[in-house]
Amino acid sequence: MWRMIALPEGLPTSAIDFSDPVLAEAPFPSILSSLRDLGPVVYHERLMQYMVTTHQDCKRVLGNARNFFTPKIQNHALFGGETIFSMDLDRHDRIRGIWAPRFARPSIGTLRPMISGIVAANVKPFTERVRAGESMEALSGMIRAIPTLVIARLIGVPENDIGQFSSWSDEMVLILQGVINAGSDGAEMVSRGSEATAELNGYIHQVISDSAGRPDADLIGHILASPVRNEMTEWEVVAAITQLVFAGNETTAKLMANTLYALAQHPDQRRVLAGNRSQIPQAIEEIHRWLTVTQVNWRIARNAADIGGHPLNDGATVLVMQGLANRDPARWETPDELDISRELKSHLGFGFGMHSCLGMNLARLETEIWLDQMLDYLPDWEVSEVAWDNMANRGPSSINVSR
Amino acid sequence: VKISIDADKCIASGLCAAATPSVFVQDEDGIAHVAMEEPPPSLENEVREAEMACPALAISVEE
């Protein structure tokens, strides 16, 4: 059935190309900020999607699940089945509740020794070589392994399988990149990402099948032992675990790489931080605001939703410009400047609302511990070369560090 | 105990309202508000749970 879609009247339009490498390299202040200058809602003609540009309106869209829900199709492609990412209200709360206590701050805090060990094993050899005069790529040489090893430990993956885990997780990101790529590469990227998802799903399915009598100490054992598991299909359990692997790896690594870049650009602030480690958590929040990893989020409008008084057709796709919202001058003074001493306010880096990141406390703690050790072992690092990745998961694809 | 929420820090995760629905409510935009500023001692444990659950450190509980 064809449905008539009324063209959005009176809205400013833009044809911004999210796959443009120039955009990924330097989205701020000029390219993305000019979208905000057009208005709070800008229509993307080629993607046929509504871009929301202000902090206040992005918060409203993400906070109002009754009028804006998460697209299920994209979610299935990413994880192989439905996850809490796209579940509605009651069911979301019950299933998120299985792992939620494990990701609350008090539980995450108990992981500090385990995380510190993993971080040290990666930071020490890397910084030794840099101190000896080498220029080293930090993602492959130090950062990328950290979140993978941590989530693998939490999930209960055997050490031998971790390398394969990591590469599947990397390939899965292609789905996100493909979706915002209006060019001909988009479909190809989605297809490659979907293959990686299928392989990871198959692996996890096997792990679950072999897990009779598994203790509930790790996250796989915990979900299998939960009474709520009976409300889930087998593939929903597989997808939930796939999502943990995916969510914990690429994004946290990018947050760390962005931190390397941000502090190398601001040596004065890094010096302050080195002398006052209690400021590290606040500094990471500011860096995450300034260099947001998840720049863009999606929602679908329903129940005659509107944004800032502009009515939306049910089914309209809304692009929530989280990274742009994090530089909204209506919320932060001089938003394009990094200032780790800023008063702490919530930003949209981990999303907002009921679907905000389950693992945010873990990502923060990993990044805090890692940064603390960097300031111990290599407080005066320099970034000699950096290549920026896509806008879906924004951060360096490679970042060379020297002293 | 006396409870307050910093709305500027709230990220609308809904975890406080899930932990203690009689004390915390969410508005249409998901932002949490205190429905009962001075809850009875019988609710203190649940209120502490909500405070710890908040990923945004937006809830403060005073004796």
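The legends below describe close-up views of a predicted model. Local features need pLDDT of at least 70 and side-chain atom pairs count only at pLDDT 80 or more, whereas totals for chains, interfaces and linings use all residues; side-chain values use heavy atoms, with hydrogens and water left out. Residues are numbered from 1 along each chain as its sequence is written, and chains are lettered from A and ligands numbered from 1 in the order in which they are written.

**View 1. The contact between chain A and chain B.** Chain A contributes 18 residues and chain B 16 residues, contact meaning heavy atoms within 4.5 Å. About 1500 Å² is buried between the two chains, 50% of it from carbon and sulfur atoms; buried area is the accessible area (1.4 Å probe) that two parts lose on being put together, summed over both. A:Arg105, A:Ser346 and A:Phe352 supply 30% of the area that chain A buries against chain B, more than any other three residues.

**View 2. Salt bridges between the chains.** Three salt bridges are counted between chain A and chain B, each a side-chain nitrogen of Lys or Arg within 4 Å of a carboxyl oxygen of Asp or Glu. In one of them, A:Arg60 pairs with B:Asp29, with the closest N and O atoms 3.2 Å apart. A:Arg60 lies in helix 3 of chain A and B:Asp29 in the loop between strand 2 (24-26) and strand 3 (32-34) of chain B, so the pair joins two chains. Helices (H or I, at least four residues) and strands (E, at least two) are DSSP runs, numbered from the N terminus. A:Arg60 is partly exposed, with a relative accessible area of 38%. Buried means under 20% relative accessible area, exposed over 50%, and partly exposed in between (1.4 Å probe, protein chains only). B:Asp8 forms a salt bridge with A:Arg331, the closest N and O atoms being 3.1 Å apart. B:Asp8 is partly exposed at 31%, whereas A:Arg331 is buried at 11%.

View 3. The side chains of A:Lys254 and A:Glu250 meet at 2.6 Å, N to O. These two residues are four apart in the helix, a separation of about one helical turn. A:Lys254 is buried at 3% relative accessibility, and A:Glu250 is buried at 10%.

**View 4. The aromatic pair A:Tyr261 and A:Trp388.** The structure holds five aromatic pairs over all chains. Rings of Phe, Tyr and Trp (its six-membered ring) pair if their centres lie within 6.5 Å; planes under 30 degrees apart count as stacked, over 60 as edge-to-face and the rest as tilted. Here the ring centres are 4.9 Å apart and the planes stand at 85°, so the pair is edge-to-face. A:Tyr261 lies in helix 13 (residues 234-265) and A:Trp388 in strand 10 (residues 382-388), so the pair ties together parts that are 127 residues apart in sequence. Both residues are buried.

**View 5. Surroundings of A:His355.** A:His355 lies in the loop between helix 16 (322-325) and helix 17 of chain A and is buried, with a relative accessible area of 18%. A polar atom of its side chain lies 3.1 Å from the backbone oxygen of A:Ile84 and one lies 3.3 Å from the backbone oxygen of A:Phe85. Residues that A:His355 touches include A:Thr70, A:His92, A:Arg96 and A:Arg299.

**View 6. Helix 15 of chain A.** Nine of the 11 residues in helix 15 (residues 280-290) are buried, among them A:Ile280, A:Glu285 and A:Trp290. What covers the buried residues includes helix 13, helix 14 (267-275) and helix 17 of chain A.

Methods
A polar contact is a pair of N or O atoms within 3.5 Å; within protein, one must be able to donate a hydrogen and the other to accept it, and residues adjacent in sequence count only if both atoms are side-chain atoms. Lists of a residue's contacts leave out its neighbours within four places in sequence.
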